[in-house]
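Dear colleague,

Please find the structure below. My notes on it follow.

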Amino acid sequence: MPTPPMIDGRILQPPRDSSAVDVAPPRVYDDRLRAVIASEARLRSLYSGASWAEGPVWWERERMLVFSDVVGRRTLGWREDGSVIAIIDPSAFANGNAVDADGRLVHAEQGRRAISRTDETGTRLLVDAFDGTPLNSPNDLVIDSTGAVWFTDPTYGITDPREGYPAESALGHQSVYRWREGHPLERMIDLDAPNGLGFSPDETTLYIAESNPNGLPRVVACRWDGETLGAPRTFVTVDAGIPDGLAVDRRGWLWISSDAGVVIVDDTGARMGVIPTPHVVSNLAFDSGQRRLFLTGDADLWMLELR
């Protein structure tokens, strides 16, 4: 499909082959994971020119991995020939990205403190306030099967001048929200530095990373019945640092970013393995067939081929 006109299109990296990363191979503790990660699988480097890489999502329509350079204020795209292009430059300190059912990109913007959507006509704001009060700095988001946009709203973009514009929180709380076209923004739950999030395959459980290093860095699980979000329960903690972004695969396993790399657990929270990385991982995403895992962190975009 031809590239839609809203893409900036400037080439930041010409086509090239990926290169192996000098890091230990994945550690597998569960035989079920051996069917997914081959013993010879190795992390590959796709790009290393970001200031702080975040928010990866596979854009099937364009056969492209979209990710954010939050500090560099750009939304980028890695193509399968190895090239990297600018999609939006400058961005409003965009962090998390998602793709809706119509193939449009949806962004969590820390600069405008908003959720926005990009299509062929450009990028427009969807929501930037709760009950008339400005949001903190939307960080990550996921779109459910009904088209509702769920997003986290910690304070990173208003407390770190590299990632947004310094300000005091007007809300006084950090929350997870649900936005539906034509409906008021819904405040679903308050948490301590809510960050990455994702649904179980049947959408009966919402997983959310709490990323406060001064509290209990953990991933919580909340039951969702289509109307009410249940109370959070600790689902898992990571091996080092804090959980940031996470991805849920079709089996219901969680792949969670951390200082130790990617921690993989099953749908009960049992440890299955770890994918070591050279430094902290910020977020991760699968392609549409879940045959490739893409990881972001610091300046880098990496990839691991799966079975």
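Which side chain does the side chain of T118 join in a polar contact? The partner is H107, and the polar contact is 2.7 Å (a pair of N or O atoms within 3.5 Å; within protein, one must be able to donate a hydrogen and the other to accept it, and residues adjacent in sequence count only if both atoms are side-chain atoms). T118 is part of strand β11, residues 114-119; helices (H or I, at least four residues) and strands (E, at least two) are DSSP runs, numbered from the N terminus. T118 counts as buried because its relative accessibility is 2% (buried means under 20% relative accessible area, exposed over 50%, partly exposed in between, with a 1.4 Å probe and protein chains only).

Please note that this is a predicted model, in which local features need pLDDT of at least 70 and side-chain atom pairs count only at pLDDT 80 or more, while totals for chains, interfaces and linings use all residues. Residues are numbered from 1 along each chain as its sequence is written, and side-chain values use heavy atoms, with hydrogens and water left out.

An open sheet of 5 strands shows antiparallel pairing in the order β2-β4-β29-β28-β27 (two strands pair if DSSP finds at least two bridges between them). Its edge strands, β2 (19-20) and β27 (283-286), each pair on one side only. Strand β4 (residues 44-47) is joined to the antiparallel strand β29 (residues 300-305) by 3 bridges, and Y47 stands opposite L301 in β29.

Finally, I37 touches P26, W255, I264, I275, L304, L306 and R307, not counting residues up to four places away in sequence (contact means heavy atoms within 4.5 Å).

Yours sincerely
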